[in-house]
Amino acid sequence: MTHRDVNNPILFEVSWEVANKVGGIYSVMRSKAPVTVHEFGDRYTLIGPLYYKTAMAEVEPEEVSNIPMREVLEEMSRQGIRWMYGRWLIESAPHVLLFDTGSVSTRLEEWKADLWKVASIPSPPNDQEVNDAILFGYLVTWFLNDFVAREKNAAVIAHFHDWLAAVGVPLIRKRHIDLATIFTSHATLLGRYLVSGSVDFYNNIKSFNVEEEAGKRGIYHRYHIERAAAHCSDVFTTVSQITAYEAEHLLRRKPDGVLPIGLNAVKFSAMHEFQNLHAQNKEKIHDFVRGHFYGHYDFDLDSTLYFFTAGHYEFKNKGVDTFIESLGRLNSRLIACNSPTTVVAFIVMPAATQSFAVESLKGQAVTKQLKETIKDITEKIGQRIFEKAARYAGGDIVDAIVEPEELLTSKDKVFLKRRVIALKRGGWPPIVTHNMVDDASDPILNAIRHVRLLNSPGDRVKVIFHPEFMNSGSPLIGLDYEDFVRGCHLGVFPSYYEPWGTAPAECTVMGVPCITSNLSGYGGFMEEILETPADYGIHIVDRRTRSTEESINQMADYMLQFCQKSRRQRITQRNRTERLSDLLDWKIMGMEYVRARKLALYRTYPDSFAGAEAGEFESYIKAKIPKPLSAPGSPRIKGSGSVADDEEITEGMSNFNIIDEENEETR
């Protein structure tokens, strides 16, 4: 094996979602790119499949400057391979190399036979996704093999993400290609299939006959691609501890470490800035609520809290079933304690719809007309007051003051009465904002009906199902997702199956407290690094050791406790939550990728490392972050305990190097 420079390696990251948005891995690759480019510069290239329609919008072509890479690609072109090289049009503009699998479709049967011969991986004739994965895997292996043959000096690392891009991993191992490999499972394929059924997944995970289960679900060949990648990679990783546990039992290899998913956190120069954003966006949600509940808008918005859950429509996996059930119990408890608080719970998940509901559009229209009418009348009143005051030429000052009965003219009163009468409504406000394709069999709507949260006047919990992702161009709420999240008070994500959980992580970065579960990667991560997650606005429902009934009651308790907090306590908690955003930034999370790459190089080129340099695959958190120096007073016992101020929080967090003390004066 060639002696290579392990201090300045070349990195290739291989994924089906490079410049090709299919699922969540696209966001991971895109958001992680800036820190990787910062570390590697031009020694970093992403490799993916070439889809011309998306590539033309995502990639700016350029000449290949790396000489060994140019030579390899020119030779591949002579063999009929089509490819595109350029810059991905995202922050940091990393190099990308995309291969057109269609240009080698004639080699499919030959490569299928070779895959069976080399790695004993079967491939049925009619699975187009697997066919594409095989073609892509062989193209990547072809390129990497020829590249390392020409690049004699630098060590090369190939990092593969998920099974679709992983056919090359066993090929590299079997062909003894001189490079280090990492394979990251973002969620096991078999795990996803198992939880989509009625299987008690976590209680039976140790006893599954994985070969049989994969065969029963028609994914035997796909499962073996993923399993081969896990076993043939130099370093095998997952995105969370819960997925590592899953992979150990389903893929039969214990991962070498965890590569949690980070975000590019936007820090504000002053603490009040993100609080101002909360107030601004909350007011826009207020506008929507006024319209949606017109005719039954009999609750005080100053005493109203906005809860939400969001994501892809996975009713059980995302924990929507338990969320709705806990909302029913929260409603009963708020009524029983005669609470003045109203909760409006949003469920934002895309589903099949026909159009916006007429009633929803009408509500926004009539309240908008009322607002415009009042604005017009107010301007006229101001003009009348000004005109009378401006005409004052001396004498009794009372003559310069408009009498109250003169403020509204008869015409103004007629217009105002018309707008108010338009607010009358026959039925209760709708629970869904759109006309659903199959309203009667929709799981979310049926669950809402089951707990009888029908937006009746007596309910303290109101529910709105928005079966479309948020968009600022919508005639209803008119906010992008990020702004909508900032305007809410609490995100709720009690997932049953969630390899990571970007939604609650985004809440944390934006200073919005959340409820998550210990079956989500994010919930497990927070349990590992925080002594008391709830004090930082991270409430973790135990879905691993408790029954469903107990988990629902625990979640209802969390939500009730949140409803009982004072406004000051909520502000304090938002400040604490936002302080955790540094932990979730790629600058910190990316260090685990650094460790994984170092471990891969060490295992491939052990002679290039001194024993002490190899290190272990350890978490970057050496000790748990303790509870804040002063915990918020209990909402149930007002006046007991004190509320921590910004200075106390800053002191506690800076002890663990979570914030930059030098820049704290500008926060």
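The model is a predicted one. Helix 4 (residues 108-119) packs against helix 5 (residues 128-150) at an angle of about 80 degrees, and their axes lie 10 Å apart; the two helices are therefore roughly perpendicular to each other. On the side of helix 4 the contact involves L108, W111, K112, D114 and L115, which meet N131, I134, L135, Y138, L139 and W142 of helix 5. Sorted by class, this contact of helix 4 with helix 5 comprises eight nonpolar residues, one polar residue and two charged residues.

P68 is placed in helix 3 (residues 67-78) and, with a relative accessibility of 14%, counts as buried. Leaving aside residues up to four places away in sequence, P68 touches F147, R150 and E151.

Helix 20 (residues 521-529) is largely enclosed by the rest of the structure, because seven of its nine residues are buried. These buried residues are G521, Y522, G523, G524, F525, M526 and I529, and they pack against helix 11 (241-250), helix 19 (502-509), strand 16 (514-517), strand 17 (538-541), helix 23 (581-584) and helix 24 (586-604).

| Salt bridge | N to O distance |
|---|---|
| R603 and D256 | 3.1 Å |
| R449 and D439 | 2.3 Å |
| E482 and R486 | 3.6 Å |

R603 belongs to helix 24 and D256 to the loop between helix 11 and strand 9 (257-258), so the pair ties together parts that are 347 residues apart in sequence. R449 lies in helix 17 (residues 443-450) and D439 in the loop between strand 13 (434-436) and helix 17, so this pair ties together parts that are ten residues apart in sequence. E482 and R486 are four residues apart in helix 18 and are thus separated by about one helical turn; E482 is partly exposed at 44% relative accessibility, whereas R486 is buried at 8%. Finally, E283, D287, R290 and K371 are linked in a network of salt bridges.

Technical notes: Residues are numbered from 1 along each chain as its sequence is written. This is a predicted model: local features need pLDDT of at least 70, side-chain atom pairs count only at pLDDT 80 or more; totals for chains, interfaces and linings use all residues. Side-chain values use heavy atoms; hydrogens and water are left out. Axes are lines fitted to C-alpha atoms, for helices over the stretch in contact, and angles run from 0 to 180 degrees between N-to-C directions. Angles under 35 degrees count as roughly parallel, over 145 as roughly antiparallel, 65 to 115 as roughly perpendicular and the rest as oblique. Contact means heavy atoms within 4.5 Å. Ala, Val, Leu, Ile, Met, Phe, Trp, Tyr, Cys and Pro count as nonpolar, Asp, Glu, Lys and Arg as charged, and the others, Gly among them, as polar. Buried means under 20% relative accessible area, exposed over 50%, partly exposed in between (1.4 Å probe, protein chains only). A salt bridge is a side-chain nitrogen of Lys or Arg within 4 Å of a carboxyl oxygen of Asp or Glu.
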